[in-house]
Amino acid sequence: MTIIVYITSVTFKKEMHNQQSHIETVLRAKQLPFELIDIAKDSSKKDEMRQKCGNDTAVAPQIFNDDVYIGNYTAFAQAVEEERILEFLKVA
């Protein structure tokens, strides 16, 4: 089990950068294995992310447990606030 987070290193939106950092911070705090995939470095990864999400307009960050789609940052943040992040990530 590895949490996979599609991110982008190229963004002019501070909010997106903060979201990506928040996800990484929470995953580190929970000591969960994770991998960051930067869609800005390889455009095929953006297409892969969108296909796996089932959404042709999805933007980073998007979260998966291996190949199982978990959700976007909004759903992640809500799970953190409700203290059910492990359930949300399908690791509990």
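Which residues does L89 touch, not counting residues up to four places away in sequence?

**View 1. Contacts around L89 and the largest nonpolar core of a predicted model.** In this predicted model, L89 touches I3, L27, L32, I63, N65 and I70, once residues up to four places away in sequence are left out of the count. L89 also belongs to the largest nonpolar core, a set of 15 residues in which I63, F76 and L89 have the most contacts inside the core. At least two residues of this core come from each of β1 (3-7), α1 (14-29), α3 (73-81) and α4 (85-88). Another core, of nine residues, lies apart from the largest one, and I37, I39, M49 and A58 are among its members.

**View 2. The whole protein, with its four helices and four strands.** Followed along the sequence, these elements give the pattern β-α-β-α-β-β-α-α. The radius of gyration is 12 Å, close to the 12 Å that the globule rule gives for 92 residues, so the protein is as compact as a globular protein of that length. Taken along the principal axes, the box filled by the C-alpha atoms is roughly 35 × 25 × 20 Å. Of the 92 residues, 36% are buried, and the protein exposes about 5,800 Å², of which carbon and sulfur atoms supply 47%. Among contacts between residues at least 6 apart in sequence, 60% join residues that are at least 24 apart.

**View 3. The open sheet of four strands, in the order β2-β1-β3-β4.** The pairing within this sheet is mixed. Strands β2 (34-38) and β4 (68-72) stand at the edges with a single partner strand each, so one side of each is left without a neighbour in the sheet. From one strand to the next, the twist averages 25°. Strands β1 and β3 (residues 62-65) run antiparallel and are joined by four bridges, and Y6 has Q62 as its bridge partner in β3. Helix α2 (residues 43-53) packs on the sheet, where this helix touches β1, β2, β3 and β4, and its direction makes about 70° with that of β3.

**View 4. The cis peptide bond from A60 to P61.** Most peptide bonds are trans. The bond from A60 to P61, by contrast, is cis, with an omega near 0°. P61 is found in the loop that runs between α2 and β3.

View 5. Most residues other than glycine have a negative phi.

Key:
Residues are numbered from 1 along each chain as its sequence is written. This is a predicted model: local features need pLDDT of at least 70, side-chain atom pairs count only at pLDDT 80 or more; totals for chains, interfaces and linings use all residues. Side-chain values use heavy atoms; hydrogens and water are left out. A nonpolar core is a set of buried Ala, Val, Leu, Ile, Met, Phe, Trp, Tyr and Cys residues joined through side-chain atoms within 4.5 Å. Buried means under 20% relative accessible area, exposed over 50%, partly exposed in between (1.4 Å probe, protein chains only). Contact means heavy atoms within 4.5 Å. Two strands pair if DSSP finds at least two bridges between them. Axes are lines fitted to C-alpha atoms, for helices over the stretch in contact, and angles run from 0 to 180 degrees between N-to-C directions. The radius of gyration is taken over C-alpha atoms; the globule rule is 2.2 Å times the number of residues to the power 0.38. Accessible areas come from the Shrake-Rupley method with a 1.4 Å probe; for residues, only the protein chains shown count as cover.
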